[in-house]
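Subject: Structure handover

Hello,

Here is the structure you asked about. My notes on it follow below.

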Amino acid sequence: MKSKILDALRSAEDYVSGQELCEKFGVTRTAIWKAMNQLKEEGYEIEAISNKGYRLKGCPDSVKAEELLSLLNTKWAGQQIAYIQEVDSTNNYARRLAENGAVHGTLAVTDRQYGGKGRRGKTWSMPEKSSVAMTLIIRPQMNPGKASMLTLVMGLAVARAVHRMLGLPAKIKWPNDVVLNGRKICGILTEMSAEMEAVNYIVIGAGINVNMNEIPKEIEAVATSLSLECNKKIHRAEVIQYCMEEFERCYEKFMQTQDLSLLLEEYNEVLVNRGNMVKVLEPGNVYTGMSEGINSQGELLVTKESGEQVRVFAGEVSVRGFYGYV
């Protein structure tokens, strides 16, 4: 009910009468009044004037279900929200939800994550209400061997979302980081439950630095936040809104071919590694070469100095810029 009322208030050009809301949602005036009071208690600034109705004047920086659902313009991505105030990892939380039957498109989101999971066992934490920590549950009918490409799909979605929302030139550092001006704003981790030839579910986690006004000293050379890059506070729910809209678009293209062929040009356009010398760090093997972009399977094409072109599969490989992080 609260998300529907917020959606109605956001869509209105002026005041919305209580009677209009009653008729629209089939509830009593008392139910509307109670919902309005609950929203006010949660930080929404709602003006109420006799004979005019209600008008939304301000919103809290909330990532709770009613706020997200009132913003989302998707068919399925994020249409089921599982909000938790704090959690060790939204990926862990999403896996528990998936094991208990959470449907395709369920989004797990939190205000505080204190044990976020990264590649190669790294952890990531965030100050409360400073960033976006979310994990999307999907249940695709596809071969489990294709799951790693969904990390790239989410990376493209986040980069496009940041550009659409803020006009910032977000780029992708293959395979799982999104960067602004050469510094990381987002990391992505995809995990899967599968059998030999079938996927049970996949969880795709994204951690986005949104309103972090200070970056820890140990990572300030390689990390930044959206608020630092545009010099203003960002509404986290809108970041999630744009990410879900872009992911749904990209995912549906991906599923048409179950590879990245329909997203290849778009992805390579925002690939920060492309056309640059990179250092590839494989277990027990390090080499350099020119990054040529990705292929339809999401592998990074690297031409060594010898002229040999190799296909780098994400896995446990790390790619660095020749002189630093990118």
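Helix axes here are lines fitted to C-alpha atoms over the stretch in contact, and angles run from 0 to 180 degrees between N-to-C directions. Please keep in mind that this is a predicted model.

On that basis, the axes of helix 2 (residues 18-25) and helix 3 (residues 29-41) come within 9 Å and cross at roughly 105°. Since angles of 65 to 115 degrees count as roughly perpendicular, helix 2 is roughly perpendicular to helix 3. On the helix 2 side the contact is made by Gly 18, Gln 19, Leu 21, Cys 22 and Phe 25. Helix 3 contributes Arg 29, Ile 32 and Met 36. By type, the residues of this contact are 5 nonpolar, 2 polar and 1 charged.

Domains

The chain is divided into domain 1 (1-58), domain 2 (65-270) and domain 3 (276-321). The centres of domain 1 and domain 3, taken over C-alpha atoms, are separated by 55 Å.

Helix 1 (2-11) has Lys 2, Ser 3, Ile 5, Leu 6, Ala 8 and Leu 9 buried. Its buried residues pack against helix 2, helix 3, strand 1 (45-49), strand 2 (53-58) and helix 4 (65-71).

Val 16 sits in the loop between helix 1 and helix 2. Is Val 16 buried or exposed? Its relative accessibility is 5%, so Val 16 counts as buried. Val 16 and Arg 55 are 39 residues apart in sequence, yet their C-alpha atoms are 6.5 Å apart in space.

Cores

In soluble globular proteins, nonpolar side chains tend to be buried together. The largest nonpolar core in this model has 70 residues. Met 134, Trp 174, Ile 208, Leu 226 and Phe 247 have the most contacts inside it. Helix 6 (residues 149-166) gives the largest share of this core, 13 residues. Where does this core lie relative to domain 2 and domain 3? Both domains give residues to the core, so it lies between them.

Apart from this core lies another, of 16 residues, among them Phe 25, Ile 32, Met 36 and Tyr 44. Phe 25, Ile 32 and Met 36 also take part in the contact of helix 2 with helix 3.

Asn 268 is in helix 9 (residues 264-269). With a relative accessibility of 9%, Asn 268 counts as buried. Apart from residues up to four places away in sequence, Asn 268 touches Arg 274, Gly 293 and Ile 294.

Backbone points to check

Most residues other than glycine have a negative phi, and most peptide bonds are trans. The peptide bond from Trp 174 to Pro 175 is cis, with omega near 5°. Pro 175 is in the loop between strand 8 (171-173) and strand 9 (177-180).

Lys 129, in the loop between strand 6 (123-124) and strand 7 (131-138), has a positive phi near 60°. Lys 129 is partly exposed, at 45% relative accessible area. Gln 258 also has a positive phi, of about 55°, and is in the loop between helix 8 (236-257) and helix 9.

Regards

Conventions: Residues numbered from 1 in each chain as written. Predicted model: local features only at pLDDT ≥ 70, side-chain atom pairs only at ≥ 80, totals over all residues. Heavy atoms only, no water. Core = buried A, V, L, I, M, F, W, Y, C linked by side-chain atoms within 4.5 Å. Buried < 20%, exposed > 50% of the residue type's maximum accessible area, 1.4 Å probe, protein only. Helix = DSSP H or I, 4+ residues; strand = E, 2+ residues; numbered from the N terminus. Domains from an automatic or database assignment. Contact = heavy atoms within 4.5 Å. Parallel < 35°, antiparallel > 145°, perpendicular 65-115°, else oblique. Nonpolar A, V, L, I, M, F, W, Y, C, P; charged D, E, K, R; others polar.
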